[in-house]
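Subject: A two-chain model for you to look through

Hi there,

Here is the structure I promised to pass on to you.

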Amino acid sequence: MADEALFLLLHNEMVSGVYKSAEQGEVENGRCITKLENMGFRVGQGLIERFTKDTARFKDELDIMKFICKDFWTTVFKKQIDNLRTNHQGIYVLQDNKFRLLTQMSAGKQYLEHASKYLAFTCGLIRGGLSNLGIKSIVTAEVSSMPACKLTSYFLTNVFSSYLSGLVVFVSCFCYLEDI
Amino acid sequence: MAVCVAVIAKENYPLYIRSVPTENELKFHYMVHTSLDVVDEKISAMGKALVDQRELYLGLLYPTEDYKVYGYVTNSKVKFVMVVDSSNTALRDNEIRSVSMFRKLHNSYTDVMCNPFYNPGDRIQSRAFDGMVTSMMIQVC
């Protein structure tokens with residue numbers, strides 16, 4: 001359907017637009033990724049309001065994540081999340097084996113280093129949706145082989161988990177720096 | 001129909017509040033504020049109830065001598081509170097009326113939310129929203 005291609009192309013242009021208009025040094029310190037993520041956040045808030053207008057009330061966090069994996073993902077990307085895993089303590093891993101925004105890019109390891117730019121908006125989308133439903137969270141993405149991607153969301157429900165998530169983010173940043 | 005309409009954010013501050021007889025506004029503000037407690041009580045009690053569409057609509061919160069207060073909560077924890085005149089018998093089929101009125105409110109609120117110039121958490125200043133609320137209140141006088 002043509003409407004899928006529209007969002008894909010717009011998203012690609014958005015990413016390249018943000019990077020083209022980035023000032024000196026912004027690309028390295030990750031400001032562009034933050035901008036994209038914030039865009040996704042605002043869009044996610046509006047989208048989730050529209051999608052949950054007619055659904056019943058959510059029983060618990062797992063219910064909310066299931067909604068995101070099924071209905072939300074289907075409406076935005078025309079497919080469901082392939083795998084949802086949780087440790088029941090606020091960490092949810094969503095696995096999509098054929099992520100719509102990455103399928104046109106490559107089918108293996110090529111362009112892997114650019115994948116994070118194209119996932120920032122979607123991370124923000126999930127974070128915005130969760131925030132509007134009353135859950136503060138951090139959403140990160142990992143791509144080991146295109147076009148499969150893993151999105152991890154850490155729910156910040158209490159002080160301990162926010163400390164833990166801060167630690168996780170710090171460690172993952174550290175690993176990222178190590179790779180360079 | 002409605003005498004006062006209020007939209008309250010999930011942090012319990014008002015995003016939009018408007019009443020028709022503008023001289024007694026404070027009384028309505030106070031009524032809406034006290035109804036928030038009832039709303040919270042209903043939400044927490046709902047946890048064990050069955051999950052269906054009607055859950056968004058909370059029904060009659062509490063009646064006073066002149067007015068009846070109805071509530072509705074969205075999935076994003078935004079509350080709509082409507083105060084109607086007790087003497088107004090047109091609202092006898094209150095369920096249907098309130099459900100359709102709250103639906104209109106919810107639809108307009110969703111439209112406001114999707115407006116890119118609106119920051120979630122600000123007061124609602126949309127003319128379309130004002131117009132919709134006016135149409136719900138205009139029958140009083």
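Residues 24 or more positions apart make up 58% of the contacts in chain A with a separation of 6 or more, where a contact means heavy atoms within 4.5 Å. Please keep in mind that this is a predicted model: local features need pLDDT of at least 70 and side-chain atom pairs count only at pLDDT 80 or more, while totals for chains, interfaces and linings use all residues. Residues are numbered from 1 along each chain as its sequence is written, chains are lettered from A and ligands numbered from 1 in the order in which they are written, and side-chain values use heavy atoms, with hydrogens and water left out.

Chain A first. It has five helices and four strands, which are DSSP runs numbered from the N terminus (helices are H or I, at least four residues; strands are E, at least two). Read from the N terminus, their order is α-α-α-β-β-α-β-β-α. Of the 180 residues of chain A, 41% count as buried; buried means under 20% relative accessible area, exposed means over 50%, and partly exposed is in between (1.4 Å probe, protein chains only).

Next, the inside. The largest nonpolar core has 41 residues, and Trp73(A), Phe99(A), Leu102(A) and Leu130(A) touch the most other members. Such a core is a set of buried Ala, Val, Leu, Ile, Met, Phe, Trp, Tyr and Cys residues joined through side-chain atoms within 4.5 Å. The chain A elements that give two or more residues to this core are helices H1 (2-20), H2, H3 (61-77) and H4, together with strands S2 (91-96), S3 (137-145) and S4 (148-155). A second, separate core of 25 residues includes Val7(B), Tyr16(B), Tyr70(B) and Val112(B). Back in chain A, if you leave out residues up to four places away in sequence, the contacts of Trp73(A) include Phe99(A), Ile126(A) and Leu151(A).

You will find Ser153(A) in strand S4 of chain A, and it is buried, with a relative accessible area of 1%. Beyond its neighbours within four places in sequence, Ser153(A) is in contact with several residues, among them Met65(A), Tyr92(A) and Leu130(A). Ser153(A) and Met65(A) are 88 residues apart along the chain, yet their C-alpha atoms are separated by 9.7 Å.

Now, where do the two chains meet? Here 17 residues of chain A are in contact with 22 residues of chain B. The area buried between chain A and chain B is about 1800 Å², and carbon and sulfur atoms give 46% of it; buried area is the accessible area (1.4 Å probe) that two parts lose on being put together, summed over both. On the chain A side, Glu49(A), Lys53(A) and Arg57(A) lose the most area to chain B, together 44% of what that side buries.

There is one salt bridge between chain A and chain B, meaning a side-chain nitrogen of Lys or Arg within 4 Å of a carboxyl oxygen of Asp or Glu. Its partners are the side chains of Arg50(A) and Asp111(B) (2.9 Å, N to O).

Thr52(A) sits in the loop between H2 and H3 of chain A, and Asn75(B) in the loop between strand S4 (67-73) and strand S5 (79-85) of chain B. Thr52(A) is buried at 1% relative accessible area, and Asn75(B) is buried at 2%. The side chain of Asn75(B) reaches the backbone oxygen of Thr52(A) at 3.1 Å, while the side chain of Thr52(A) reaches the backbone oxygen of Ile48(A) at 2.8 Å.

Finally, some backbone details. The peptide bond from Met146(A) to Pro147(A) is cis, with omega near -10 degrees, and Pro147(A) is found in the loop between S3 and S4 of chain A. His88(A) has a positive phi of about 60 degrees although it is not a glycine; His88(A) counts as exposed, at 63% relative accessibility. Asn12(B), also not a glycine, has a positive phi near 70 degrees, and Asn12(B) counts as partly exposed at 35% relative accessibility.

Happy exploring!

Terms used:
A polar contact is a pair of N or O atoms within 3.5 Å; within protein, one must be able to donate a hydrogen and the other to accept it, and residues adjacent in sequence count only if both atoms are side-chain atoms.
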